[in-house]
Each structure stands twice: as structure tokens, then as C-alpha cells.
Amino acid sequence: MHKVLHELKVDLGDRSYPITIGQGLLGVIDLTPWVAGQQVMIVTNNTVGPLYLEKARASFPGKTVDVVVLPDGEKYKDWQTLNLIFDALLENRHTRKTTLVALGGGVVGDMAGFAAASYQRGVPFIQIPTTLLSQVDSSVGGKTGINHPLGKNMVGAFHQPQAVLIDTDSLQTLPAREVSAGLAEVIKYGLIRDDAFLLWLEAEMDKLVGLQPEALAEAIFRSCQCKADVVALDEREGGIRAILNLGHTFGHAIETFAGYGSWLHGEAVGTGMMMAADLSVREGFISSADFRRTAALIKRAGLPAFAPASMKEADFLNLMAVDKKNVDGQLRLVLLRALGDAFVTDEAKPEHLRQTLGAFLPEAG
Ligand SMILES: NC(=O)c1ccc[n+]([C@@H]2O[C@H](COP(=O)([O-])OP(=O)(O)OC[C@H]3O[C@@H](n4cnc5c(N)ncnc54)[C@H](O)[C@@H]3O)[C@@H](O)[C@H]2O)c1
Ligand SMILES: O=C(O)C(=O)C[C@@H](O)[C@H](O)[C@H](O)COP(=O)(O)O
Ligand SMILES: [Zn+2]
């Protein structure tokens, strides 16, 4: 039995698209209205394919469906793996009218989206996210791309999908560590823009960690609504969209330092959000009690509280210096004016930043 629980829209004029959230949707919801021509290329990986590929195929009745299966892992979010998608498209003579379909987590989604942004100068794509993180964040908003050894997501494009289909049933096969990683981005929405959601998360966190379906569907809906609202205001991150980067300047430094994949993106963002909250206290914006509330929620989600072993202050400073938000060599950070109210600043005091880094280095743990 399938059940559509929520439908919302990312409002971007002629690039608007629907997000459909529900149970048992994969293979039941007909996605052909979002397919431009006859050809479909499903991009998945060797973990998700065996679980969900056959169901996903059934969502494209009457279409010619090809498949490319990528190796699984953040360390494969690179040029070489991206080329496997282009190889498959060309070998199967896909034209400008083809539609790509991302079936998997954020790694598959970011790479399939980037392939769609650039194949024959741009073709449409559909997001079928299968991790919590991708259902609440990466499948929405059109940021696509790959990593570079010197920095996260350093090569990419903005390219919005035609539609996002979220089947919450797929979360039942997700490892607990990946659930925690997804919860980091969920908590982010409460911290940046929605204090009522933060209160709700404090009440429901145990249900979310335990994969309770109703709580998950509500968290996904509220997260997608928050992201859709921010993206509709500022599609290409000229201003307010940067608040979606709370914790990411620290987090991306951790991911790059640790070697892509050893820390999950959500884990690095969880620690990074604690660091952003700590700095917000030192800068005089939020109280120590606010920091403790933030840290407690992040820890209850099962996320780490200190930087990786052997990471030093200089590692953070060097890696944060390449962040895409920086302008003219000036570090730009997302901080909290209050819980539920984030802002972007390039005025954080260097001594406060160093104190924050010191408080989260592994030896402080
Ligand atoms: N574009 C954006 O706006 C945006 C937003 C947030 C994160 N990201 C990117 O997303 C990536 C992280 O995404 P992620 O957390 O989904 O990681 P991921 O894509 O690596 O998926 C996590 C793991 O879960 C497996 N998996 C996926 N679905 C499964 C399922 N239903 N059951 C069992 N296993 C499953 C995957 O194969 C993988 O091993 C990072 O590269 C990050 O930079 C992008
Ligand atoms: O959609 C956005 O905007 C975000 O910043 C969402 C983030 O959660 C995500 O990790 C994104 O990929 C980060 O983008 P980047 O531009 O900092 O690489
Ligand atoms: Zn993120």
C-alpha cells in the first residue's frame, strides 16, 4: 500500500518543481510526466542498486531505461567516477532529450546532477533520494558537483531537478550511522530558521533515531519546506542561502582533513554546528545555555563532538581558507544570532575563532 503524506513545491518560476513525500512510493508513482523524451538513465551505486533499482525502473513505464552503477562512497565523488556516467550515456547513445535519474544518497545525487548539468550542455534530471540526508537536503535546491583533494564540492554547477520523489520506506535499510548523519542536517534547519522545529526535535529525537515512520516523515517534510523556502529566496547563494551552510566551514575542513569518507558529511556538519554555536557564544550572540542545548541535541542524534584524531588548529585554518563563501581572502562564517536565527559574517574575531578551534581539537575531548 502506498501513501502520499506531503507534497510541496520549490518555487523558482519556470524552474519550479514538486517534492512528493510518502510511504511505498517507489515503483508506484509514475514519474514519466517528468521525462522529456524516450530515454532514461538511472544513476545508482553498488549498495543502493541491488536494494531499489528494480522498483525504480517501474516508475518509468514505457520508457527505455539504461542504468549506470557507480562504486559506493564519498571517495568516489570525483572526476573519474563522474566520467563513468558520461561513458554510459555516450555508449548508449543518449541524446539531449534524455533524463537522468539519481537513485541513492547525496553522493549519487550530486554526481548525477552534475552530469545532467553538463551532458550535452544540460539535460533534465529527477532525484530519488534514499538516505535521510539526501531526503532532507541534497536532493533539493540544485547544488551539484564533485570533490577535489584540496576542497569539498569545489567543482560543480547549479542545476535544479524536475522532481524529487521521497519514499520514506527506503530509510528502513539505512545503517544507524547514516541516520545520525542525516539528523545533523535536520537539526540545522531548526538552528538556522525554525525554533519551533528545534523544540519539536528535542521532544521527538528518540523516535527519529529509532526510525519511527511518522516522526521521520514529519521531520523530512519540515526540513524540505525550510530548504525550499530558502532556495526560493536565493537560488544561487548570493545572500541568505549561505545560512544552509551552518557548520559546513568547519565540517568541510574536517571531511577534507580526514580523507573523504572516513568522516561522514553529516558527522562533520554535526561537530561543525557545535563549533559554530560555540563561536556564537564567544562573539556574544547566544548564551552558554543555548550552546549546551545545541550540543545536547546533536549528541542525542549520535554525532561526534570533537575533531578527528591529530587534527590541529593550523589544519582547520588552512582548509577553511579555501571555503567558497570567503571573499577576498576574508573568512566568512555562518553564526547564530539566536537559536532559530542564523546569519553570515566575516567579522568573527580571530582570537575567538582560535579559542573555538582549541575547544574542539581531539585533545580537548
Ligand atoms: N547538493 C546539496 O545540496 C548537498 C546537501 C548536503 C549534502 N550533500 C552531499 O551529499 C553527500 C552525503 O550524502 P549521504 O549522506 O546521502 O551519503 P551517501 O550518498 O554516501 O550515502 C550514504 C551511504 O548509504 C548508502 N545508502 C543509500 N541509501 C541507502 C538505503 N536506502 N539503504 C541502505 N544504504 C543506503 C550509500 O550507498 C552510502 O554507502 C556528501 O557528498 C555531501 O557533500 C549535498
Ligand atoms: O544547499 C545548500 O545551499 C547547502 O549549503 C546545503 C549543504 O548542506 C550542502 O552540504 C552543500 O553541498 C554545501 O554546499 P557548498 O557550496 O558549501 O559546497
Ligand atoms: Zn551539508
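Me: Where is the place of Ala181?

Reply: This is a predicted model. Ala181 has its place in helix H5.

Me: Is Ala181 buried or exposed?

Reply: Count the C-beta atoms around a residue; 20 or more others within 10 Å make it buried. Ala181 has 27 C-beta neighbours inside 10 Å, so it counts as buried.

Me: Which residues is Ala181 in contact with, leaving aside neighbours within four places in sequence?

Reply: Contact here means C-beta atoms within 7 Å. With those sequence neighbours left out, Ala181 is in contact with Leu133, Leu264, His265, Gly266 and Glu267.

Me: How many residues apart in sequence are Ala181 and Leu90, and what is the gap in space?

Reply: They are 91 residues apart in sequence. From C-alpha to C-alpha, Ala181 and Leu90 are 35 Å apart in space.

Me: Now the ligands. Which residues come nearest to ligand 1?

Reply: The shell around ligand 1 holds 29 residues. Thr47, Gly105, Gly106, Thr131 and Ser138 come nearest.

Me: Which elements give two or more residues to that shell around ligand 1?

Reply: Five helices are to be looked up: H1 (48-57), H3 (106-118), H4 (132-138), H5 (176-193) and H9 (265-282).

Me: How do the residues around ligand 1 divide into nonpolar, polar and charged?

Reply: Seven are nonpolar, 15 are polar and seven are charged.

Me: Why does ligand 1 lie between the two domains?

Reply: Check which domains supply the shell. Domain 1 (3-171) and domain 2 (176-364) both give residues to it, so ligand 1 lies between them.

Me: Which residues are around ligand 2?

Reply: Asp137, Gly141, Lys143, Lys152, Asn153 and Glu185 are among them. The list also includes Glu237, Arg241, Leu244, Asn245, His248 and Lys324. This shell divides into one nonpolar, four polar and seven charged residues. Domain 1 and domain 2 both contribute, so ligand 2 lies between them.

Me: What about the largest nonpolar core: how many residues has it?

Reply: It has 109 residues. Val43, Val101, Met111 and Ala276 have the most contacts inside it. Both domain 1 (3-171) and domain 2 (176-364) give residues to this core, so it lies between them.

Me: Which residues is Ala276 in contact with, beyond its neighbours within four places in sequence?

Reply: Ala276 is in contact with Leu246, Gly247, Phe250, Leu333, Val334, Leu335 and Leu336.

Me: What does UniProt list for residues 68-180?

Reply: An unreviewed UniProt entry lists "domain: 3-dehydroquinate synthase N-terminal" there. Over residues 68-180 the chain is 34% helix and 29% strand. The end C-alpha atoms of that stretch are 28 Å apart.

Key: Residues numbered from 1 in each chain as written. Chains lettered and ligands numbered in written order. Predicted model: local features only at pLDDT ≥ 70, side-chain atom pairs only at ≥ 80, totals over all residues. Near = placed C-beta within 6 Å. Helix = DSSP H or I, 4+ residues; strand = E, 2+ residues; numbered from the N terminus. Nonpolar A, V, L, I, M, F, W, Y, C, P; charged D, E, K, R; others polar. Domains from an automatic or database assignment. Core = buried A, V, L, I, M, F, W, Y, C linked by C-beta atoms within 7 Å. Buried ≥ 20, exposed ≤ 12 C-beta atoms within 10 Å, placed from the backbone. Contact = placed C-beta atoms within 7 Å. UniProt positions renumbered as here; feature names shortened; annotations may be inferred.
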